[in-house]
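Q: I've got a model to go through with you. Can we take it piece by piece?

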Amino acid sequence: MVGRQIVLRFKRPNLQPSAFLPSTLKKMIELKNIEKYYANKGIKHYVLRHVTTTIKQGEFVSIMGPSGAGKSTLLNILGMLEEPTYGTYEFFGEDVTTLNERKRIELYRNHIGFVFQAYHLIDEMTVYENIEAPLLYKKVGSSERASRIANLLDRFNIVAKKDLFPNQLSGGQQQLVGIARALAAQPSVILADEPTGNLQSTQAEEIMQLFKKLNQEDGITIIQVTHSEKNAEYGNRILHIADGVVKEDVLVR
Amino acid sequence: MFKLNLKIALRNLFKNKVYAAINIGGLALGLTAFVLMLLYINHEESYDTWSPDLKNVYQIREKHAFFTPDNKEHWNEISNSRIANLIRTKLPQAIAVTKVDNDWDFIKGYSLKIDDANPVMMPKIKDSDSSFFKVFPYRFLQGSEDKALENPKSIVLKESLAIQLFGTTKVLGKTIKVIRWRSDEGTSLTVTGVVAEPKYPQSVSFNAITRTGDRDKDPENPTNNNYCLVYTKLNKSSDTLVLNQTLQKMYVDFKKNLLSSQKKSYNDIYKDGRLPGLKVIPVKEVHANPPYAMSWFEKLKPVIAISAFLLLVSVINFINLATAQSVQRAKEVGVKKVLGSHKTQLTWQFLIESALQSVISLFLCIILIEVVLPAFNNQFKVDLSFWHNAQLFAMVVQLFGLFVFVTLLAGFYPAWILSNYNPVSVLKGNYENGLRGIALRNVLVVFQFVISVTFIISIGVMQMQSQYMSNKDLGFERGNLINIKSNYEDNFAERLKKIPGVEYVATTTQVMGNTFNVPEEVKYKGNAINLNTVTVTMDALPALGVKVLQGRIFSKEYKQDTINTVVLNEAAANLFGKNIIGQTYGKVDWEGKTNIFQIVGIIKNYHNEGFDKSVLPTVYKVTGLGGTSNTNNLLVRFNTSKYNDVIGKIEKEWKALYPNYPMEYTSLDDAFSKSLEDNNRFVNMIILFSVVSVSLSLLGLFALSTFVAKRRTKEIAVRKVLGASNLQIVNLLNKSFLILVIVANLISWPIAYILIKKWLEGFAYRIDMPVLPFIAATIISIIIAVLTVSIQARKAAVSDPVNALKYE
Ligand SMILES: Nc1ncnc2c1ncn2[C@@H]1O[C@H](COP(=O)(O)OP(=O)(O)OP(=O)(O)O)[C@@H](O)[C@H]1O
Ligand SMILES: [Mg+2]
């Protein structure tokens, strides 16, 4: 496999360990009139309607809303796992509404990290190998790989667990590994769908603290879906969605 | 990445131990059958390839009617010995021409006597002329190619024979006496050479080549012909088409001369487009093109097909199990995709996994081959070896090819299915796509069972036919009867008759194990009837214990029996019509005189060949009227079943009379078993393959049902919570497989019917197509399929539903 580099029309963000003022930040994600419907027996069931919003680099956005509102769908569209039926999506100024597989993989390798509610660690791989996987796809050199993983294990306090398999970990620990894996490739944005949905509140708090720290100290953009008001407040912006429409877009504090 | 993939592959194998064992073990079995075939085919293809010089060596084939099975003209390996001289003198390209004895069925060997040692029977002692080693480039260990057969009365031994006879290869100048028949005085030959056994088998195989001098000349009388193999070495390898045209022209001239010296007219014989024929075929093609028997490839075809099927069954297991477990792997695929893995990378990963399994199977297969090869060699009468194979390199290349082929065949489809999973649906926990490949899986399971059920039906019918044959009334009493390899000689026969325990001593040209058919045409009431003539002594029919249907058989009381009476078998009697006892018929002899024969009895047909051939309409006669024939059959009937002592006494008499030639005999029981041997070998092989194929299919089904049960754990748990009984759940799982097995049965019936019908038609004496095996196969396949699935289904059914539900 020869990695094919695609040149995107932007530079890697210059990350600084200090808080940013949102107004001075660069546009990262721009959604215009996004619609998503499922056709069933000729009737269109709208899941998302006229979603237009901009997310800047360094923001920590929480998406909230009742069940079935379309939160996961929106996040999937942001993560290019699904395509909208209408509207445009620009990522760092480039139209990514429809992407071929090769380009999408390039984005996954370099810019987007996923964190799942069900963790989705690979059962056949150890903690270490799970974190290593994205780096292998990105073709990071072995010494660089080792130091990055060591760093992450250290930071998340899971050095002792590195040779265990996912089923030997608690849920919270698994989610830590999931986040470590998402961070390994040093993405610009982390997309997290109910990352604490399966966790107890103390563990959830820990994860949220971690997100906050990553956002504030490392400048990583975070977009999460959550049902908890409390979790949403760790971020600096909340999008309220109901019936596929953005009802409210508020800044926290 | 590769290392990690390999590691994951290994972990997956360990995690699914049973599944992996079935996959790998099954594939190893399939491969073993296939590789054995490869070995065998390589062996057969290697005939006459032991020296590069052999590419200029050709066998001569002549079209003639001498000793052909139906007494009609065919292309033959044996040619008129005069043709060697024709080629030597008229074909400028020919560097050397040699004549050598053919392998005759009725010559088991010659007796070799060294000094005063006991004589030993040795097969494949062939007489040739001075040019044998000029045509066939054997390597001499002792002596030399140009000197060895320079003088008559010389013999060249194969290394193995030299060691067997003398214990060493340093045997130049020793004398060996060759006695060719019982009362032969023998020819003393001097050992002039020892040749090494070539790497590959030879169609002109020998233990020793002799030059007695008989092959040096052709019969002087032009009406006498001698037939033998003729080989020639040309100065360069030539286009056989062009060469054959030249030969044909030469041969027509030759034939005209020969016929005119026999006072016959060429134009009378070769008219209406009939032409004489002479051609060459490269020696390398001789083995694959025997003139009458089926070539090895024809014979092997069903076996090749069966082993290919076996490999297919195991590959199908592989595919089925891989796609079935894809549900478990779906998450891995989804996650890897969002981590930035290319589809091709995933395809490679899964291919590596199947490659890993094929590699392990390949190693297992090599071990298995070592284990089963002796049995295989025994069964097929060959001497194959894997490691000590001259073609080891070619074998390794073929094995590698097979490995790549199997890996792709077994791994590509599952890899493609797996790598195509859509991450969103998988990560949403939506495994509906895990059902992908189910249609194909069902087709493959049906296919597997079609093969298995066809096998079961076939072995059922084959067993019934074999039973029928071994219990069939042969028309004569085969117990307490032996056949000594000797013609009838009064002195010896009289001595035997005096031994207590001996009831009859007689000879016939027709007995199971050695039959010499002489065709004749007789005239009865103006109709021509074609019969097979058998010359017997007075006691032969009683000695055989044939059953008299009408009239009588020969006896000393009737003087007429030595004059002109005959006995017919049923088949012949049917050609004559009704009420024929006492009737006469006429036969014109070679001088043009008509001899009159009287029919005195009709006997029940008795079998003297395999059941594939029907008993010929035959006339039996004692009288020498109209010519007699004889072969080496000396029947001895005992009136006791403990006849071993009696045989000892017979051997003593033999030794006294013929000290230079060992006595050989077979019991008719053995001759009968031998006539069934080929069939039994085939049936046993089919049974073996069937057992393997059926077990593989069942193992596959077992593993498949495991996965299906696992996949439906949650559904089963929910159903149980809702109140379903264990039995209901077992039935639920069984139903889907049962339909497949029934469909497979329906498909197998016509296939098996056609195949079996064809097989049965190869027998002149056969059973009617039985229905029982068909029904039995269906019932058996359903029962074992249900049992297999139920084991798994029960496990799933009785498990505690809480576990399954809590886990989600
Ligand atoms: N493949 C599909 N076909 C039809 N409708 C779908 C499909 N996938 C999702 N939907 C519908 O889209 C709507 C939004 O689903 P989505 O998963 O985005 O909800 P959500 O806001 O994440 O809800 P929750 O908080 O329960 O996770 C739902 O009403 C769902 O029924
Ligand atoms: Mg959701």
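Q: Leaving aside neighbours within four places in sequence, which residues is B:Lys337 in contact with?
A: B:Lys337 is in contact with A:Tyr108, B:Lys343, B:Leu346, B:Ser419, B:Asn420, B:Tyr421 and B:Pro423. Contact means heavy atoms within 4.5 Å. Some ground rules: this is a predicted model, where local features need pLDDT of at least 70, side-chain atom pairs count only at pLDDT 80 or more, and totals for chains, interfaces and linings use all residues. Residues are numbered from 1 along each chain as its sequence is written, chains are lettered from A and ligands numbered from 1 in the order in which they are written, and side-chain values use heavy atoms, with hydrogens and water left out.

Q: Is B:Lys337 buried or exposed?
A: B:Lys337 counts as buried, at 12% relative accessibility. Buried means under 20% relative accessible area, exposed over 50%, and partly exposed in between (1.4 Å probe, protein chains only).

Q: Which backbone oxygen lies 2.8 Å from a polar atom of its side chain?
A: The backbone oxygen of B:Ser419. A polar contact here is a pair of N or O atoms within 3.5 Å; within protein, one must be able to donate a hydrogen and the other to accept it, and residues adjacent in sequence count only if both atoms are side-chain atoms.

Q: And which helix is B:Lys337 in?
A: Helix α11 of chain B, residues 326-338. Helices (H or I, at least four residues) and strands (E, at least two) are DSSP runs, numbered from the N terminus.

Q: Switching to ligand 1. Which residues come nearest?
A: Twelve residues are around ligand 1, and A:Ser67, A:Gly68, A:Lys71, A:Ser72 and A:Thr73 come nearest. Near means that a heavy atom of the residue lies within 4 Å.

Q: Why is the site called shared?
A: Because residues from chains A and B surround ligand 1.

Q: What polar atoms lie by the ligand oxygens?
A: A polar side-chain atom of A:Ser72 lies 2.6 Å from an oxygen atom of ligand 1. A backbone N or O atom of A:Gly68 is 2.8 Å from a ligand oxygen. For a polar backbone atom of A:Gly70, the distance to a ligand oxygen is 2.9 Å.

Q: How much of ligand 1 does the protein cover?
A: On its own, ligand 1 has 640 Å² of accessible area, and the protein covers 60% of that. Areas come from the Shrake-Rupley method with a 1.4 Å probe; for residues, only the protein chains shown count as cover.

Q: Which helix gives the most to the shell?
A: Helix α1 of chain A (residues 71-78), with three residues.

Q: Now α7 in chain B. What do its length figures say?
A: Helix α7 (residues 240-261) has 22 residues, which at 1.5 Å a residue should span 32 Å. Its end C-alpha atoms are 30 Å apart, which agrees. The expected span is 1.5 Å times one less than the number of residues.

Q: What caps the N-terminal end of α7(B)?
A: B:Asp239 does. A side-chain oxygen lies 3.0 Å from the backbone nitrogen of B:Leu241.

Q: What comes just after α7(B)?
A: B:Lys263, with a positive phi of about 65°.

Q: Which residues of α7(B) are buried?
A: Among them are B:Leu243, B:Leu247, B:Met250, B:Phe254 and B:Leu258. The cover over the buried residues includes β1 (57-64), α3 (82-90) and β13 (227-234) of chain B.

Q: How many helices and strands does chain B have?
A: Chain B has 24 helices and 27 strands. Of its 808 residues, 52% are buried.

Q: Over to chain A. Which strand holds A:Val115?
A: Strand β6, residues 112-115. A:Val115 counts as buried, at 3% relative accessibility. Beyond four places in sequence, its contacts include A:Ile179, A:Ala182, A:Ile190 and A:Leu191.

Q: What about the phi of A:His120?
A: A:His120 is not a glycine, yet has a positive phi of about 50°. A:His120 sits in the loop between β6 and α3 (127-137) of chain A. A:His120 is buried, with a relative accessible area of 6%.

Q: And A:Asn33, where is that found?
A: In strand β1 of chain A, residues 27-40. A:Asn33 also has a positive phi, about 55°, although it is not a glycine. At 35% relative accessibility, A:Asn33 counts as partly exposed.
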